Amino acid sequence: HRDLHSFPTRRSSDLLICHGADYVYNQPPLSKAQWTAEVTKMRNAYKATIADADVDAIVAYLVAQNGKP
């Protein structure tokens, strides 16, 4: 089920600076490990302002929205 408006973080506005809310659905379904790697890449390579405390919630959201079955 697609839920474009419920990013699980107080920092969702930071996420939406780089991507539209529907960007996740333009990606192939990824595993939890793959989504974690993507979030880590966004933080490290692209300096996304995602707090350590928010990573697990964001990954869980991404897996729920577009994770591998």
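Before the first selection, one term: a residue is buried at under 20% relative accessible area, exposed at over 50%, and partly exposed in between (1.4 Å probe, protein chains only). Helices (H or I, at least four residues) and strands (E, at least two) are DSSP runs, numbered from the N terminus.

This is a predicted model, in which local features need pLDDT of at least 70 and side-chain atom pairs count only at pLDDT 80 or more, while totals for chains, interfaces and linings use all residues. Residues are numbered from 1 along each chain as its sequence is written, and side-chain values use heavy atoms, with hydrogens and water left out.

**Whole chain.** Colour by pLDDT, the predictor's confidence in each residue, from 0 to 100. The protein chain averages 80, and 74% of its residues score at least 70. Confidence is lowest in helix α1 (residues 12-18), with a mean of 62, and highest in α2, at 94. Three helices and zero strands are present, in the order α-α-α from the N terminus. Of the 69 residues in the protein chain, 25% are buried.

**Helix α3.** Select residues 52-66. This helix has 15 residues and reaches 22 Å from its first C-alpha to its last, close to the 21 Å expected at 1.5 Å a residue (1.5 Å times one less than the number of residues). Which residues of α3 are buried? They are Asp-54, Val-55, Ile-58, Val-59, Tyr-61, Leu-62, Gln-65 and Asn-66. Look down the axis of α3: these buried residues fall within an arc of 165 degrees, so they line one face of the helix. The arc is that of the directions from the helix axis to the C-beta atoms. Now turn to the other side of α3, where Ala-53, Asp-56 and Ala-64 are exposed.

**Salt bridges.** A salt bridge here is a side-chain nitrogen of Lys or Arg within 4 Å of a carboxyl oxygen of Asp or Glu. The count by this rule is two.

Select Asp-52 and Arg-43 for one of them; their closest N and O atoms are 2.3 Å apart. Asp-52 is exposed, at 61% relative accessibility, whereas Arg-43 is partly exposed, at 23%.

Then select Glu-38 and Lys-41, a salt bridge whose closest N and O atoms are 3.2 Å apart. Both residues sit in helix α2 (residues 32-44), three residues apart, and about one helical turn separates them. Glu-38 is partly exposed at 29% relative accessibility, and Lys-41 is also partly exposed, at 34%.
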